[in-house]
Amino acid sequence: MEEEKPWVLISEVGGDHGYLEELADIVKQHFRIICHKELLENPELHGPKIQALLNWKYCPVVEPTLLRLLPALKVVASGGVGVDHLDVPFINSLGVKVTNTPRVVSDSTADLAMGLLLASARRILEGHQVAIDPKTVHIPQRLMGVQVTNATIGIIGMGEIGYKIAQRAKGFDMKIVYHNRRRRSAEDERAVGATFCQSLDELLGTSDFVMIAVKFTPETRGLIGHRELSIMKPTATLINISRGQVVDQDALVEALQSGSIQAAALDVTHPEPLPRSLAP
Ligand SMILES: O=CC(=O)O
């Protein structure tokens with residue numbers, strides 16, 4: 001019976017930040033869904049029934065004022081790996097657990113990382129522009145791009161996703177170097193042909209593609225700034241699949257404008273989306 005299902009709060013079904021109908025239908029098999037708007041219409045009535053809150057990075061729903069309306073809440077279940085959009089200590093202090101979905105998105109994130117690398121190296125977006133806009137001047141040499149085969153990829157952060165990127169890079173005959181808090185086992189290194197760089201600077205100075213795959217933490221905030229970008233080769237590309245805040249964005253814009261690096265391929269920015277003035 002519907003009444004017996006536990007109540008779960010989600011932002012909305014549909015809309016910009018909401019759940020797709022078909023996903024909400026899966027949730028409905030196990031839960032009674034209540035949306036944010038419905039809760040706020042009568043928080044005294046609905047708030048105490050809610051035991052779970054479904055969330056993900058783009059869902060700006062978990063604030064202290066909201067959580068205080070939910071005395072029976074047991075879990076905030078966040079889709080994806082990163083939980084940096086949540087104040088985990090505060091949520092835990094209310095006796096509420098926070099869960100995420102590690103591993104589920106690792107393959108697709110590694111695929112995307114390679115997609116960005118290839119799109120940038122092979123000028124796929126520029127080629128698309130030429131194909132769809134007859135006014136674009138077609139200078140074939142501009143679309144020649146840079147070679148991926150035999151180029152060096154430097155992976156910063158060799159966790160689950162970083163390692164999967166290395167596996168893919170091996171398939172492209174790339175030379176792989178990496179920097180990580182902990183060195184991977186000799187067996188892991190051998191399997192993908194990766195060489196450990198004790199120093200980040202060494203990786204930055206030798207890589208044609210610098211791939212940022214670190215977790216976003218206070219230690220990795222601003223990891224790549226003016227100094228780090230200045231060490232990179234002028235022909236190098238920076239790829240970021242971590243979080244926008246890992247890179248000093250002003251420094252990156254400057255490095256690109258001055259030609260101190262060649263290109264950047266970004267899955268993440270800060271803020272997201274970028275204001276029109278900064279968007280490419
Ligand atoms: O950005 C996506 C994630 O953290 O899973």
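Reply: A definition first: a cavity is a set of grid points where a 1.4 Å probe fits but cannot get out. The model is predicted.

Me: How many cavities of 30 Å³ or more are there by this rule?
Reply: Rolling a probe the size of a water molecule over the atoms shows where empty space is left. The largest cavity has a volume of about 30 Å³. The count of cavities of 30 Å³ or more comes to 1.

Me: How many charged residues are in the lining of the largest cavity?
Reply: The lining residues are Asn 240, Gly 244, Val 247, Gln 249, Leu 252, Leu 266, Val 268 and Thr 269. By class, 4 are nonpolar and 4 are polar. Gly counts as polar here. The number of charged residues is none.

Me: What distance separates the centres of domain 1 and domain 2?
Reply: Domain 1 covers 7-99. Domain 2 covers 106-266. Taken over C-alpha atoms, their centres are separated by 35 Å.

Me: Are α6 and α8 parallel or oblique to each other?
Reply: Helix α6 spans residues 106-121 and helix α8 spans residues 160-171. Their axes lie 9 Å apart, at an angle of about 50°. Angles under 35 degrees count as roughly parallel, and 65 to 115 as roughly perpendicular. The two helices, α6 and α8, are therefore oblique.

Me: Is the crossing of α6 and α8 left-handed or right-handed?
Reply: The packing pair is helix α6 and helix α8. Their crossing is right-handed.

Me: Which residue has a positive phi although it is not a glycine?
Reply: Most residues other than glycine have a negative phi. The exception here sits in the loop between β5 (97-99) and α6. Its phi is about 75°, and the residue is Arg 103.

Me: Which residue does a cis peptide bond join to Glu 272?
Reply: Most peptide bonds are trans. The bond from His 270 to Pro 271 is cis, with omega near 0°, and Pro 271 lies in the segment after β11 (263-266). With omega about -10°, the cis bond joins Glu 272 to Pro 273.

How values were computed
Residues numbered from 1 in each chain as written. Predicted model: local features only at pLDDT ≥ 70, side-chain atom pairs only at ≥ 80, totals over all residues. Heavy atoms only, no water. Domains from an automatic or database assignment. 1 Å grid on protein atoms, 1.4 Å probe; cavity = no way out; pocket = protein on both sides within 12 Å on 5 of 7 lines; lining within 4 Å. Points joined across faces, edges and corners; volume = space filled by probe spheres on them. Axes fitted to C-alpha atoms, helices over the stretch in contact; angles between N-to-C directions. Helix = DSSP H or I, 4+ residues; strand = E, 2+ residues; numbered from the N terminus. Parallel < 35°, antiparallel > 145°, perpendicular 65-115°, else oblique. Left-handed = near helix turned anticlockwise from the far one by under 90°.
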